[in-house]
Amino acid sequence: GALLVSERIDREELCGALSPCTLSFEIVVENPLELYSGTVEIQDINDNDPVFPSSQARLEISESVAAGARFPLESAQDPDVGINSLQTYQLSANPNFALDVQTRVDGSKYAELVLEKELDREDKRELNLVLTALDGGSPPRSAHVQIHIDVVDANDNAPVFNQSTYKASVRENTPSGTLVAQISAYDLDDGPNGDIIYSFSSHTPAKVRELFALDSATGDLRVKGQLDYEEAKLYEIYLQAKDKGVVPGVAHCKVLVEVVDVNDNAPEVTVTSVYSPVPEDAAPGTVVALLSVTDLDSHDNGQDSYDVYVLENNMPGIPILNVTATDPDLGRNAQLSYTLFQGDPTVGHLFSINRENGTLYVLTSLDHEDQVEFGMMVQVQDGGFPPLATNVSVSVFVTDLNDNAPTVLYPHPNTTTTYTDVVAPGTPAGHMVTKVVAVDADAGYNAWISYTLLQATDPSLFSVGLHNGDIFTSRQLREDDAPQHTLVILLKDHGEPVLSTSATVSISVAEMVKEVLTDLTDVAPAHDPRKHVTFYLILAVILVSAAFFITMLSVGIFKCYKWRQSKELFNSSRSTTYRTPGPFHHIDAVRGGFTPPNFYHQVYLTTDSRQSDLLCKKPFTSSPLGSRQSTIRNGEPGLYHQIVGSATQLPAPAE
């Protein structure tokens with residue numbers, strides 16, 4: 001049962017760039033009959049060096065090309081995969097160029113030269129650089145190519161494509177010569193300098209050149225080889241337009257070609273084992289044969305999903321996809337209806353589907369900065385009984401447009417506060433003074449920001465980094481330099497059309513911060529009406545607080561005075577009741593409307609007093625005096641007192 005290697009295995013020969021590389025096998029065991037499936041994964045080792053198409057590359061670059069221009073370089077190829085494949089590029093040290101390594105859709109790397117410092121043909125007529133390609137092995141393998149750059153004068157205008165990215169779709173198995181896309185560029189120059197030649201960019205893979213052909217005069221991109229969806233679903237093709245000038249101007253664009261699947265693969269039935277002959281007395285359920293069925297096609301052709309790409313800021317209500325299905329039944333059993341199921345509740349407000357024909361509509365304008373991808377499920381159901389249904393997943397990708405200008409974070413533009421950076425006199429050249437910080441809400445090229453010095457008090461004193469916004473001294477500060485400098489920095493993105501904004505930076509030349517603060521007082525606003533409003537508000541709060549304090553103090557004094565007066569009066573009443581005989585009468589006042597029936601108030605009244613002292617509350621008993629009764633109605637509504645009087649009637653003042 002041991003599985004052995006019968007010959008030397010070469011992963012690159014078996015699988016090429018496909019990863020993982022697997023070999024499948026099946027083992028049949030009889031008596032009893034059993035089937036086992038196995039898979040051997042061929043792991044890659046770093047046994048291949050990266051290889052450039054040629055040992056030398058030659059570029060012609062005009063000295064008039066502005067900093068920031070990009071020049072694609074030929075890509076190296078490494079048949080290894082994973083970490084052993086090509087991982088990065090390195091460029092020899094030089095004062096003019098930097099290297100930008102980018103990644104294609106399939107994960108492969110390619111390099112572009114980025115001009116950081118403008119070339120000067122009178123200073124240097126040519127440059128020689130070394131480009132190194134490295135894989136990720138341990139130790140890494142490498143390859144080198146010599147890059148020779150001729151600095152020459154060229155015509156004034158380079159070709160310009162009418163769009164930077166083209167998108168097209170083509171069905172697999174399309175005949176050779178079929179038009180895929182037509183790219184177009186224009187050149188404002190006249191004569192040969194305005195005649196354009198189209199070609200593939202130097203870093204276009206050889207496989208793409210085998211499958212597609214480009215007409216150098218018309219820009220027609222046509223099918224050349226045999227496309228196969230099962231091999232590649234998307235091709236990223238880089239093209240260039242070059243004029244016929246002595247030093248040709250070059251423009252670059254990208255064409256995304258989506259390969260549409262065709263049902264060109266029949267299901268494959270594999271008979272893995274046949275149990276023959278079958279005994280005539282074999283029991284029901286006896287295994288006769290083992291079968292497996294596979295289909296290499298995708299989507300409905302092989303059952304799986306739809307990917308839709310929609311530009312942001314689209315018109316609401318436009319159709320973006322037509323989901324189609326077929327049913328071999330007849331009549332009502334073949335009547336199909338489409339239903340949209342949303343995994344996200346917000347999807348139902350953004351998309352809808354026509355139940356009869358499966359057309360998917362977007363109901364509102366989409367924003368790439370708000371959400372990039374939407375996922376949903378479409379169910380198609382027939383009209384039979386019971387109904388049969390099939391689901392298919394739909395992914396909608398919102399592609400970016402350059403609809404956001406760069407936003408300055410520092411210095412903050414929407415404030416009256418003056419940001420002043422300080423630099424000391426005598427500061428040498430190359431000293432970083434401050435930095436302009438900005439972001440762009442867009443993505444990709446649309447979010448790349450370049451910084452340019454637009455205006456300056458002294459243009460020779462300060463410079464700004466093209467890609468990082470660093471502001472540094474271009475020369476040493478002298479004593480005769482102005483003490484205050486104002487710089488206006490222009491920020492532009494790389495989208496189409498280009499959007500820009502500006503930032504203002506103030507720089508003070510001073511030894512100490514105190515000097516800067518003294519200077520800042522000169523630019524402070526001379527008159528701010530809000531200061532008076534604040535003063536009046538504070539004054540009003542003080543006056544209200546003082547009035548409240550005086551009022552509370554007066555109430556406290558008054559309450560204290562009343563308390564002392566009532567205490568003296570109470571003491572005098574008690575002295576009169578218990579010590580001094582006089583003309584008073586003892587009265588039992590029976591409850592009024594708010595006193596319980598079994599209680600009464602014992603009140604002592606004098607004939608010459610309008611006040612009475614409440615001494616106690618006790619259960620009701622018959623008056624010991626037991627003489628005549630009279631009913632007195634109190635002045636308060638609904639309040640009655642029953643008085644058991646003595647032999648002598650109370651005088652009016654006591655009431």
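Mentor: Let us begin with a term. A strand is a DSSP run of E with at least two residues, and strands are numbered from the N terminus. Please keep in mind that this is a predicted model.

Trainee: Which kind of peptide bond runs from Phe385 to Pro386, and where does Pro386 lie?

Mentor: The bond from Phe385 to Pro386 is cis, and its omega is near -5°. Pro386 belongs to the loop between strand S26 (373–382) and strand S27 (389–399).

Trainee: What joins Tyr410 and Pro411?

Mentor: Tyr410 and Pro411 are joined by a cis peptide bond with an omega of about -5°. Pro411 is located in the loop between strand S28 (407–410) and strand S29 (420–423).

Trainee: Let us turn to phi. Is the phi of Asn173 positive or negative?

Mentor: Asn173 is not a glycine, yet its phi is positive, at about 65°. This residue sits in the loop between strand S11 (165–171) and strand S12 (179–182).

Trainee: Why does Asn173 count as partly exposed?

Mentor: Partly exposed covers the range between under 20% (buried) and over 50% (exposed). Asn173 has a relative accessible area of 32%, so it is partly exposed.

Trainee: What can be said of Asn313?

Mentor: Asn313, also not a glycine, has a positive phi of about 65°. Asn313 lies in the loop between strand S21 (306–311) and strand S22 (318–322). Because its relative accessibility is 42%, Asn313 counts as partly exposed.

Notes:
Residues are numbered from 1 along each chain as its sequence is written. This is a predicted model: local features need pLDDT of at least 70, side-chain atom pairs count only at pLDDT 80 or more; totals for chains, interfaces and linings use all residues. Side-chain values use heavy atoms; hydrogens and water are left out. Helices (H or I, at least four residues) and strands (E, at least two) are DSSP runs, numbered from the N terminus. Buried means under 20% relative accessible area, exposed over 50%, partly exposed in between (1.4 Å probe, protein chains only).
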